[in-house]
Amino acid sequence: MKEVNPKETTRAYAFETWMNAPMPMVTFFKTVDVTRLARISKRTGLKFNMLMCWCIGRAASRVKEFYLLPVGRKLMQYDRLAVCTIVTNREGEVSSCDVPFSTDLKQFNENYLRLTKQVAESCQNHDLTDCMVIGTSALAHYEIDGAVGMYSGVFNNPFLIWGKYKRRLWKRTLIVSFQFHHTQMDGAHAACFLDNLQREIRNLYVN
């Protein structure tokens with residue numbers, strides 16, 4: 001990663017406008033059709049949450065604004081993305097695990113399984129400081145209609161939250177909340193990302 005001059009990027013106006021805002025985060029909600037994801041998970045044994053995280057990484061990698069992030073008072077540019085998942089550790093508490101994104105699903109799955117197991121056993125977070133990390137929190141055992149992330153003023157990373165998917169006949173849907181820093185992207189970029197996410201899920205193919 002490297003620091004960039006905001007004035008030399010497409011986020012110049014946003015940086016000037018939103019970096020001093022007391023609440024610069026925006027949250028979108030979208031109902032996503034995850035029928036295909038659920039079927040593939042059941043057929044292959046691949047974890048639903050892993051598939052969801054991979055599709056998130058794929059969708060984000062197609063939106064260039066994801067590679068920029070305000071950190072402190074600086075605008076940083078990254079070459080790589082990672083997806084963070086929350087892990088229940090052996091002490092019954094939660095730890096965070098950053099999984100480097102790979103366009104290769106097999107590689108991403110191997111990293112996901114290895115790193116989440118490592119975090120669960122060690123009770124230590126796995127943080128990747130050289131990646132732009134997309135946070136996620138899956139409350140897979142609970143039916144929720146939405147969630148808004150907390151803005152701490154410390155982490156400006158984009159963040160997605162979802163609960164248990166809903167069943168209706170043959171269809172499976174999931175309400176996803178997406179929180180992002182307005183300096184990093186505008187509403188149109190966020191909406192494009194969510195559209196990309198739905199497209200990645202619908203087009204997912206696993207042998």
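Predicted model: local features only at pLDDT ≥ 70, side-chain atom pairs only at ≥ 80, totals over all residues.
Trainee: Which residues lie nearest the centre of the largest pocket?
Mentor: The largest pocket holds about 800 Å³ of space, and its lining is made up of 30 residues. Strands that each supply at least two residues of this lining are β3 (68-71), β5 (81-88), β6 (94-100), β7 (132-138) and β8 (159-162). Nearest the centre of the largest pocket lie Val133, Phe155, Asn156, Asn157 and Phe159.

Trainee: Which element gives the most to the lining of the second largest pocket?
Mentor: The second largest pocket has about 560 Å³ of space, and of the 19 residues that line it, the closest to its centre are Thr85, Ile86, Val87, Thr88 and Ala138. Two or more residues of this lining come from each of α3 (48-61), β5, α4 (105-122) and β7. The element that gives the most, with five residues, is α4.

Trainee: Why is β7 described as largely enclosed by the rest of the structure?
Mentor: A residue is called buried when its relative accessible area is under 20%. β7 is largely enclosed because, of its seven residues, the number that are buried is six.

Trainee: Which residue of β8 is the bridge partner of threonine 136?
Mentor: β7 is joined to β5 by four bridges, and these two strands run parallel, with cysteine 84 having glycine 135 as its bridge partner in β7. Four bridges also join β7 to β8, again in a parallel run. In β8, the bridge partner of threonine 136 is leucine 160.

Trainee: Which strands stand at the edges of the open sheet of three strands?
Mentor: This open sheet has the order β1-β4-β3, and its pairing is antiparallel. Each edge strand has a single partner strand, so one side of it is left without a neighbour in the sheet, and the strands in this position are β1 (2-4) and β3.

Trainee: What is the average twist from one strand to the next in the sheet β1-β4-β3?
Mentor: Within this sheet, β1 and β4 (residues 74-77) run antiparallel and are joined by three bridges, and glutamate 3 has methionine 76 as its bridge partner in β4. From one strand to the next, the twist averages 45°.

Methods. Residues numbered from 1 in each chain as written. Heavy atoms only, no water. 1 Å grid on protein atoms, 1.4 Å probe; cavity = no way out; pocket = protein on both sides within 12 Å on 5 of 7 lines; lining within 4 Å. Points joined across faces, edges and corners; volume = space filled by probe spheres on them. Pairing = 2+ DSSP bridges. Axes fitted to C-alpha atoms, helices over the stretch in contact; angles between N-to-C directions. Buried < 20%, exposed > 50% of the residue type's maximum accessible area, 1.4 Å probe, protein only.
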